[in-house]
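Please view the sequence and the model together while reading.

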Amino acid sequence: MGLFDKLTGTRHPEEGVAPVPREELRAALLGVSQGEVPYVVRYGGGEGCDLLAEWRLAEPAWQHIFVRSQISHAVKIRMRFDQQAHEVRVLEEQWEVERVGTPVRLQVTSKYERGQSRTVSRRWTVGRGEDGRLTATETFHFDSAQMRDPLRETVLRSGWTWRGVVFGKL
């Protein structure tokens, strides 16, 4: 892996892993967001990409969790398939969010970043343990890698390259 690959987050599959057909990879990526995960992978139709992964910030079932979490960034991962090179070109985007209104909801601000990044938020509760000492217990953990890593691993296991895009078009 070269320096530029490291900076963009590009990863190559293990040697000898045969690339699966595009539709099989697409189905595997769509399946990553099954179950109780705080993000969704969907078709990117009007978003200028083949697939889009994003936090479920607007879904009522998840909105209260994100509001309470003190999360400060919304993350989207846009993916475009390059069938010829067996690559998934990936653009990670982040927007800063703030809490507004009553009831409180998250609103995107104008601060925007693109490229590989990592956002981690944690919430701790301080209280007394059984022995009477002060203890801190983690009550919430948010890490943008929770979305990126399963997607990237699915691509690599499928024999395709995860190509991070920072400059230019997806």
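At what angle do helix α2 and helix α4 pack, and how far apart are their axes?

## Packing of α2 and α4

Helix α2, residues 22-31, packs with helix α4, residues 145-157, at an angle of about 155°, and their axes lie 10 Å apart. That angle makes α2 roughly antiparallel to α4, given that angles under 35 degrees count as roughly parallel, over 145 as roughly antiparallel, 65 to 115 as roughly perpendicular and the rest as oblique. Axes here are lines fitted to C-alpha atoms, for helices over the stretch in contact, and angles run from 0 to 180 degrees between N-to-C directions. The crossing of α2 and α4 is right-handed, a term used if the near helix is turned clockwise from the far one by less than a right angle, with anticlockwise giving left-handed.

On the α2 side the meeting residues are Leu-25, Ala-28 and Leu-29, and on the α4 side they are Leu-151, Thr-154 and Val-155, where contact means heavy atoms within 4.5 Å. The residues of this contact between α2 and α4 divide into five nonpolar, one polar and no charged; Ala, Val, Leu, Ile, Met, Phe, Trp, Tyr, Cys and Pro count as nonpolar, Asp, Glu, Lys and Arg as charged, and the others, Gly among them, as polar.

## Basis of the model

This is a predicted model, in which local features need pLDDT of at least 70 and side-chain atom pairs count only at pLDDT 80 or more, while totals for chains, interfaces and linings use all residues. Residues are numbered from 1 along each chain as its sequence is written, and side-chain values use heavy atoms, with hydrogens and water left out.

## The chain as a whole

The secondary structure comes to four helices and eight strands, which follow the pattern α-α-β-β-α-β-β-β-β-β-α-β along the sequence; helices (H or I, at least four residues) and strands (E, at least two) are DSSP runs, numbered from the N terminus. Among contacts between residues at least 6 apart in sequence, 55% join residues at least 24 apart.

Of the 170 residues in the chain, 42% are buried, where buried means under 20% relative accessible area, exposed over 50%, and partly exposed in between (1.4 Å probe, protein chains only). The accessible surface of the chain is about 9,800 Å², and 51% of it belongs to carbon and sulfur atoms; such areas come from the Shrake-Rupley method with a 1.4 Å probe, and for residues only the protein chains shown count as cover.

## Thr-161 and its surroundings

Thr-161 sits in strand β8, residues 161-164, and is buried at 9% relative accessibility. Not counting residues up to four places away in sequence, its contacts include Arg-11, His-86 and Val-155.

Arg-11 belongs to the loop between α1 (3-8) and α2 and is partly exposed, with a relative accessible area of 25%. Although Arg-11 and Gly-164 are 153 residues apart in sequence, their C-alpha atoms are 8.2 Å apart in space. His-86, in the loop between β3 (73-82) and β4 (87-100), is partly exposed at 27% and has a positive phi of about 55° although it is not a glycine.

Leu-52 lies in strand β2, residues 51-55, and is buried at 0% relative accessibility. The C-alpha atoms of Leu-52 and Met-79, 27 residues apart along the chain, are separated by 6.1 Å. Beyond its neighbours within four places in sequence, Leu-52 is in contact with residues including Val-40, Val-41, Ile-77 and Met-79.
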